[in-house]
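Good morning, and thank you for coming. I would like to take you through one structure, with attention to confidence, packing and charged pairs.

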Amino acid sequence: MKFYYLIIVIPLLFPANIFAEDDLPDLGDISQATITPRQERQLGLEIMRQIRADPSYLNDAEIDGYLNNLGNKLISSSNEAKPEQSFEFFALQDSSINAFALPGGFMGFNSGLIIAAQSESELAGVMAHEIAHVTQKHLARMISGQQHIGLITTLAALAIAILASRSNPQAGQAILATAQAGAIQSRLNFTRNHEKEADRIGFNILHKAGFDPHGMSAFFERLQNAGRYYENGAPSYLRTHPLTHERIADIENRAREFPYRQVPGSLDFHLVRAKLKAILGNSTDTVKEFDARIQDKRYANEIAERYGLISALLRDKQPKRADKELNELYRIIHSDHSVSLLKNHSLGKPILVESEYLQSGAMIEALAARVKLANKQIKEAFKIYQTALNVYPQNRALIYDYTLALLNHQNAQTALEFLNKQSKIIPDNINFHRLEAQCYSALGNDMLQHRAQAEVYILEGKYKAAIEQLEIALRKDNGNFYQLSSVEARLRQLKEFVAANEKK
């Protein structure tokens, strides 16, 4: 598993046994820290560039969209986060149950944790806990107590270890061992004080956002009970977030102060979990598992379960059966009067949706178009994309898929024009730049293809590769004066940036 080093090293950002209980600085006083919010964000960006380049990073617009919508709902419902604090939530394709916070508000969630959550309130509880670690400035407080132990060097070594372990596991392990020689091993876990603090603040965030306040304790208690069945003693989350019966009892006691609140999970939550199940493991086995659950009615939501089955069928190269199951999915949607997802809708027809289900509707429409493309029903697929984009004009999964569909069916110019319109609304998007490079390649514009590919490498942190792409672009002669000037300016800017970093 390429993220083996990452998951172990990440908790260094919140090490254990640094402060005594009566020696904690004021939670809200950022002046106590030796790292500024800007430095913290920059460090997070550098680490994220390494993570995004790893195969375990789930670059999925629908999963990212759901996690960020859930996170923003939690944040906006509380008064914990300051206006200048930004957050980004992402997923990793990793079956272990873990989540972690990085400097600068970046938060990662393993697919195993999302699937393990039995309700949306449980997932929201874990997320609220991680948000609390960020809003309470635990990283800044930790650094303030480590001024003379070279902690900044340790954090820099973290990004290097992640990068090295991708191409050379032995090198990554050697770097990690060197860092451990600096007494890092004793600081792998969160402090007990940090955990209690994150529980208290996270609980308030969870409750104010309208979720079941029992969700946090229910998830933690199930993890603790499951720990005895793991060969290595406990799920990953428990090894990096020390958990005690006392903590669970404290959370449960807080929950008892509020009336019982039954909060059904959103369809988004169920769809995302079904999608994650569909992309994991052997595709044929995954189809059989979905079939068995549907036959035995072992599911929390039938719409989501059938959505997952269709996704698994496409992955297993069974497009005809996927098309048949798609019709069954729409039949169930129409017959289920408790779900106000799509009204009077059949494939490719005008869609009327309830606003609370916008993400869900977009996910189902995108899947429908993919099924039609897999069955070579091109006109039907384009009709679905165009109709859906009228309702969900900024849905990134639909934008990416529609652009690729245009590209794959010899309409690169239309794809490029569509993409350029979207780029004005959503700038500096790595997927847009990838698609842009493909469009220019299909159109035979080598210079702009390499220019777009350079932007992809820049966002991945591969600066030398980006410089090489820009230099290749300048050797092409199919650009006008303004395009060449733009490439020259970008190349000069990037070389100056790399030179400055090398000096540091």
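I start with confidence. The mean pLDDT of the chain is 78, with 73% of its residues at 70 or more. Where pLDDT is low, the predicted coordinates should not be read in detail.

Next, the packing. The largest nonpolar core has 107 residues, among which Leu74, Phe89, Phe109 and Ile131 touch the most other members. Beyond its neighbours in sequence, Phe109 is in contact with residues including Phe89, Leu92, Ile114 and Met127. A second, separate core comprises 10 residues, Met48, Tyr57, Leu102 and Phe106 among them.

Finally, the charged pairs. The structure holds 18 salt bridges. In one of them, Asp323 pairs with Lys372, and their closest N and O atoms are 2.9 Å apart. Asp323 belongs to helix α16 and Lys372 to helix α17, so this pair ties together parts that are 49 residues apart in sequence. Are these two residues buried or exposed? Both Asp323 and Lys372 are buried.

Arg293 and Glu305 also form a salt bridge, at 2.5 Å between the closest N and O atoms, and both are buried. By contrast, in the bridge between Glu88 and Arg52, Glu88 counts as partly exposed because its relative accessibility is 22%, and Arg52 counts as partly exposed at 21%.

Methods: Residues are numbered from 1 along each chain as its sequence is written. This is a predicted model: local features need pLDDT of at least 70, side-chain atom pairs count only at pLDDT 80 or more; totals for chains, interfaces and linings use all residues. Side-chain values use heavy atoms; hydrogens and water are left out. pLDDT is the predictor's confidence in each residue, from 0 to 100. A nonpolar core is a set of buried Ala, Val, Leu, Ile, Met, Phe, Trp, Tyr and Cys residues joined through side-chain atoms within 4.5 Å. Buried means under 20% relative accessible area, exposed over 50%, partly exposed in between (1.4 Å probe, protein chains only). Contact means heavy atoms within 4.5 Å. A salt bridge is a side-chain nitrogen of Lys or Arg within 4 Å of a carboxyl oxygen of Asp or Glu. Helices (H or I, at least four residues) and strands (E, at least two) are DSSP runs, numbered from the N terminus. Lists of a residue's contacts leave out its neighbours within four places in sequence.
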